[in-house]
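Hi there,

Here is the structure I promised to pass on to you.

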Amino acid sequence: MQNDFLWGGSTSAFQFEGGANEGGKGDSFYDTISKNSKLAQESSEGWMGLNKIKDYSVTSDFYHHYEEDIQLMAEMGFKAFRMSIAWTRILPTGDGEINQTGIDFYSDVFKTLKEHDIEPVVTLYHWDMPQSLIDRYHGWYGIETVEAFKKYVEICFREFGQYVKYWLTLNENNLTLKLPAFGTGMKVSKKDSFYNEFAYRVYHNTNIAHFYAVKKCHEMLPEAKIGCMIASSLSYPLTSDPEDVFMALKHNQELTYDYLDLLCRGGYTRKNKLEMEAKKSTIASENTDLFSNPSAKIDFISFSYYFSVCSGTEQSSADENAETLQMMYQALKNPKLKESSFGWTIDPKGLRILMNELYDRYQLPLMIVENGLGVKDDILTEDKKVHDPYRIEYLKQHIQAVKEAVDEDNVECLGYLPWGCIDLYSASGDRDKRYGFIYVDYEDNCKRYKKDSFNWYKNVIQTNGEEL
């Protein structure tokens, strides 16, 4: 591993930050879910928080614990910390007056990180769409939201560019065509006659937002690096049946490569254009000059990786109401792999395979910004310890796979930032599914306690991955 490899961890604002009703922050749709359960159930995001915690206003309370948290990260030896900026903490209505208190908060966070030699890796949009933009424009469905995003990112680059070297645009945006109504406040299904045009419009608008952010970052911050963020969905054929092989190929192309081909090559693929035209959509020819601008090409690819899946003729159709975004494709489990207590396959070799495929195809550096073991097995003992050997074993296997990809396969990788380095809420509102090296006691003012994995990861970083 190179000496400047970025070891660290990842979070997002709506799942970790809290302070939702403080510092002049406006409402995102997660705040709406927290305040109005009936409205939440009626929206397309009604599945979020179903039978779980529905209040995102405090979560892990990074808003009040950031100095303590950053000190703990520094103790582990973090080189980087991925976080997101809450759009409505900067622009409470999404596109109106700037909230200086929000600017000051993130400036303090970034300064504190830099004082501890930790590089911020900042996601500009991690799903927390401003409620005001949903009410007025149906979120990404309206081109007005793209204009609001342009204003927002320019503020971020101007105010925080002196602290932030690594930026990510839109979190897991390759899933947009699978869940186009997400963050729009609309209930839209494939049964609706306007579904295809709606889905393509949302997707196209997010792509305009992405390319604009990349181009503007390169213009305003020429020393910075900016990348995308995708949800990986690596699929193997379930059997050697050619039909299964073809299904796996289609799965990987549609959920990963179609999107990355667009971002890296500056335009929709011929197949995508023909598909859009066949479904009576004209977006493939609308406002696409920006896509091919050399300044709008990403500098690296970041991605999440938790598990692999299988594709085959036994496969069921995608479930738009799946409990988690990752499982919505309803692919098949691999009979050759073990599963976590949460039911996700454990496949470190899959991470190495994916890294090779991405790097060989696009020749861009990679950054792993989500990986980890989410379980409900963590128990805080009477002496305030958490023994999590299962997490250590999972991470050990996956870090080994990263090392092999870098050292043996010559894949260029910037860093490894596992998800939920300090316990946080899942996107579905589940706070009992824990990922972190640090336990958060939600019943006692969000007090922090080191798990056994804390000291293990500290030693991994100290030895640059040599001692696992």
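**Two loop residues with positive phi**

Glutamine 363 lies in the loop that links H12 to strand S9 (366–370). Please keep in mind that this is a predicted model. The phi of glutamine 363 is near 55°, which is a positive value in a residue other than glycine. As background, most residues other than glycine have a negative phi.

Asparagine 410 belongs in these notes too: its phi is positive, about 65°, although it is not a glycine. You will find asparagine 410 in the loop between helix H13 (389–407) and strand S10 (413–416). Is asparagine 410 buried or exposed? With a relative accessible area of 58%, asparagine 410 is exposed, because the cut-off for that class is over 50%.

**Helix H10 against helix H12**

Back to H12, now for its packing. Two packed helices are described by the angle between their axes and the distance between the axes. For helix H10 (residues 242–265) and helix H12 (residues 348–362), the axes cross at roughly 30° and come within 11 Å. The crossing of H10 past H12 is right-handed. On the H10 side, Gln253, Thr256, Tyr257, Leu260, Asp261, Cys264 and Arg265 take part, and they meet Glu357, Leu358, Arg361 and Tyr362 of H12. Sorted by class, this contact of H10 with H12 holds five nonpolar, two polar and four charged residues.

**Helix H8 against helix H9**

The next pair is helix H8 (residues 143–160) with helix H9 (residues 195–220), whose axes come within 10 Å and cross at roughly 25°. Angles under 35 degrees count as roughly parallel, so H8 is roughly parallel to H9. H8 also passes H9 in a right-handed crossing. Which residues of H8 meet H9? They are Ile143, Val146, Phe149, Lys150, Val153, Glu154, Phe157 and Arg158, and their partners in H9 are Asn205, Ile208, Ala209, Tyr212, Ala213, Lys216, Cys217 and Met220. The residues in this contact of H8 with H9 comprise 11 nonpolar, one polar and four charged.

**Glutamate 119**

Leaving aside residues up to four places away in sequence, glutamate 119 touches Lys79, Ala80, Phe81, Lys114 and Lys165.

Happy browsing, and write back whenever you like!

Best wishes

Methods:
Residues numbered from 1 in each chain as written. Predicted model: local features only at pLDDT ≥ 70, side-chain atom pairs only at ≥ 80, totals over all residues. Heavy atoms only, no water. Axes fitted to C-alpha atoms, helices over the stretch in contact; angles between N-to-C directions. Helix = DSSP H or I, 4+ residues; strand = E, 2+ residues; numbered from the N terminus. Parallel < 35°, antiparallel > 145°, perpendicular 65-115°, else oblique. Left-handed = near helix turned anticlockwise from the far one by under 90°. Contact = heavy atoms within 4.5 Å. Nonpolar A, V, L, I, M, F, W, Y, C, P; charged D, E, K, R; others polar. Buried < 20%, exposed > 50% of the residue type's maximum accessible area, 1.4 Å probe, protein only.
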